[in-house]
Structure formats: C-alpha cells, structure tokens
Amino acid sequence: MTTCPGSACATGRGSPHCRRSPPPQEDPRKCLAAFEQQVDRLGEACVAEGREPDDIHRVLLTGVTPERPLASVQAFRDFAGRYAEAGATDLILHWPRPDEPYEADPAVFERIATAALADVQAGRF
C-alpha cells in the first residue's frame, strides 16, 4: 500500500490531516467516496505507524466541490452530516464572496454560524 507524503507526515508527527475537496466537475457522490478513501488510507497509515487513527483530526477544506454547503442552513447541515459520517472531524469553509468560486450570501453564512453550528458540533444534523 502506498500512502501520500501528507498521510505519512500526519501519522508520524501531526495532529490534523487536511484534505482539499475534489474538483468541482466531480459528482458529489464521487467527492464523498474519495474523501472516505482518504480517511481509510489515513487510518491504515496510522495503524502501520502504531498510532490511533482517532488521534488525528480529519479536516476537509471545502469551497470547490459541486455542492454548495453555504446555499442554506439545511444544505450546510446535510453536507456536514455526510462528511461527518465519512470521518471528517472539522470543515473549513471559505468566507462568502459575491462571485465564484466562493459565491454565497453572507446572511446565510451568519445563520449557519448561529443556527446550525451548535447542532453540528453536538452531532445533531
């Protein structure tokens, strides 16, 4: 099995392991499957190094996926729930901008921060 250099570094010394979301032309299901595979490979690399996989935060950098987690509070809940189930411990969202590739309404972003974030952190999607 080959692991990427980032996985090797994270398993040896790191505490977070960050993955960028796949290209926007990808199908959302393929993006999720790719992330799940990355989490699995990271777990295998941890075990090979004698490290507990749950000791490493699995961070997903979003923003260029075909999904729009900042489209609405429910879109965020759905997105966060899917990726939490796939093994993500943290999501990084781009600050909303008026144009692509990070176009989103700042008011929705604020509603997510006030209405959904506590539920997501508590595991309630």
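This is a predicted model: local features need pLDDT of at least 70, side-chain atom pairs count only at pLDDT 80 or more; totals for chains, interfaces and linings use all residues.

Trainee: How many aromatic pairs does a search of the whole structure find?

Mentor: The search gives 3; rings of Phe, Tyr and Trp (its six-membered ring) pair if their centres lie within 6.5 Å, and planes under 30 degrees apart count as stacked, over 60 as edge-to-face and the rest as tilted. Phe35 and Tyr83 are an edge-to-face pair, at 5.5 Å centre to centre and 70° between the planes.

Trainee: Which helices do Phe35 and Tyr83 lie in?

Mentor: Phe35 is in helix α2 (residues 28-49) and Tyr83 in helix α3 (residues 73-85), so the pair ties together parts 48 residues apart in sequence. Helices here are DSSP runs (H or I, at least four residues), numbered from the N terminus.

Trainee: And Phe79 with Tyr83, what is the pair called?

Mentor: Tilted, because the centres of Phe79 and Tyr83 are 4.7 Å apart and the planes at 40°. Phe35, Phe79 and Tyr83 form one aromatic cluster.

Trainee: Other topic. Is Val108 buried or exposed?

Mentor: Val108 is buried, at 7% relative accessibility; buried means under 20% relative accessible area, exposed over 50%, partly exposed in between (1.4 Å probe, protein chains only).

Trainee: What does Val108 touch?

Mentor: Leu70, Ala71, Ser72 and Val73, not counting residues up to four places away in sequence; contact means heavy atoms within 4.5 Å.

Definitions and conventions: Residues are numbered from 1 along each chain as its sequence is written. Side-chain values use heavy atoms; hydrogens and water are left out. Helices (H or I, at least four residues) and strands (E, at least two) are DSSP runs, numbered from the N terminus.
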